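Good morning, and thank you for the time.

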Amino acid sequence: MLSGVSAVLALTLLMPSVNASKLSELEQKQQEMKEQKSELNSSIQNKAEKINKNESKLEKLMGKIKELNHKIDETSAKIERVQGDINVTKEEIDELKKSIEELERKIAEREELLKERARAIQLSGGSVDYVDVLLGANSFVDFIDRFSAVNTLLEADREIMREQAEDKKMLAEQKAQVEEKLAKQEERRAELEQLKSSLDGQKKEQAGLVEELKAEQRRLAKEKSSLEDKRNDVIKISADLEKKVAKEQARLAEIARKAEEAEKRRLAAQRKADAASSANTYVAAAPTGSGFINPASGRLTSNFGGRNIGAGNENHRGIDVAVGMGTRVSASAAGQISYAGAMGTYGNVVMITHSMNGQMYTTVYAHLSQIHVSVGQSVTQGQQIAASGSTGRSTGPHLHFEIHIGPWNSARSNAVNPINYIN
């Protein structure tokens, strides 16, 4: 009967190997999904930061364009004012042209009069001798009349010549002044047109840069959206994997429970057989493996719960025990190895699935330097499973130890304080 029970127990203990191997693969995939999600989150954050920087640049450029638009408006207003001045000047020129035409007409009439007088002088012998005219007077009264007439003629000639000279001088000055004023305004207008052209060029350049930035924004937003879609897919896959991991751990726990029951039956049968064979022989009770023990001897440096790690607060889901490098790490209770290998911030880690009085537990041993067990292996309480180290996110040699009621999950939502469970 005992050999039959032993055979059943051996078969039962062999069954977890395949299932635990499958669980290990699922947990590895889950960890890969977690790392992929972390990378995607980092990429999304990076894209978001670039978008924010581009938005800041875009705001500055828009402000600069607004300033340029204001300058362009001011320049356009100046151009309009100068154009108005030019129009007024042109009107003045038109008025002057009329005045000039009148002056030219008067000058032409005087020139014609002078020509007539010259012809009259020529017909009279080539010259007019005003002395002869005066000496030819018949009486004093006639002399006075002749003298007055001569003076009148001479004064008339002088007035004609003076007016002719003044009109010509005034005509030349007015033409010069108006042309100079018009030339200056045309020069100013050309300068303003050049400035407006320059500002338009700058505005066009800035607008082109803004379009480039907007295109970059659209590209980054599209990439960010694509990364978010991928992250959502990873989260969905990760959730599915977590369910599969939980299911496999539950299967392992059921196997462990059956193994526990079989071991209890075996021990009961053995005690009964020993009692029947020799009533006088003392047999020490075999350890049942119930309860948890310290996995390593050392100093408790970090308790379960909230703690400050320098970069901020975190919820510590286990305890840390300071030990030397390579210190023996033992199984806190009997069970099946459900994971043994590297896993993210844990570094090298071992997970054991336990069954105690029908309740499933999972213990975690992290930051190991060496692992001495493999997935699917059955271990007893106190058996060495690894050596302590400082792998993963660690600042020095220590053992990070966790106890979970039920299966382990990435959120470690069912972790409990190990201090309350260690005998």
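The term to settle at the outset is pLDDT, the predictor's confidence in each residue, on a scale from 0 to 100. The protein averages a pLDDT of 75, and 75% of the residues score at least 70. Over residues 1-18 the pLDDT stays under 50, and the model has 20 contacts beyond four places in sequence for them. Residues 279-290 also stay under 50, with eight such contacts. Where pLDDT is low, the predicted coordinates should not be read in detail.

Let me turn to the strands. S7, residues 348-356, and S8, residues 359-371, run antiparallel and are joined by eight bridges. Within this pairing, Val350 has Tyr365 of S8 as its bridge partner. The two strands form a hairpin with two residues between them, and Asn357 in the turn has a positive phi of about 55 degrees.

Six bridges join S8 to S11, residues 398-405, in an antiparallel arrangement; here Thr362 is partnered by His404. Three bridges join S8 to S10, residues 384-388, and this pair is antiparallel as well. In that pairing, the partner of Leu368 is Ser388.

Returning to Ile385, its contacts beyond four places in sequence include Val329, Val350, Ile352, Tyr365 and Val379.

Finally, the histidine. His354 lies in strand S7. Is His354 buried or exposed? His354 counts as buried because its relative accessible area is 0%, and the cut-off for buried is under 20%. What does the side chain of His354 make a polar contact with? The partner is the side chain of Thr363, at 2.7 Å. Leaving aside neighbours within four places in sequence, the residues in contact with His354 include Ala256, Phe292, Gly335, Gln359, Met360 and Tyr365, together with Ala333 and Thr363.

Definitions and conventions. Residues are numbered from 1 along each chain as its sequence is written. This is a predicted model: local features need pLDDT of at least 70, side-chain atom pairs count only at pLDDT 80 or more; totals for chains, interfaces and linings use all residues. Side-chain values use heavy atoms; hydrogens and water are left out. Helices (H or I, at least four residues) and strands (E, at least two) are DSSP runs, numbered from the N terminus. Buried means under 20% relative accessible area, exposed over 50%, partly exposed in between (1.4 Å probe, protein chains only). A polar contact is a pair of N or O atoms within 3.5 Å; within protein, one must be able to donate a hydrogen and the other to accept it, and residues adjacent in sequence count only if both atoms are side-chain atoms. Contact means heavy atoms within 4.5 Å. Two strands pair if DSSP finds at least two bridges between them.
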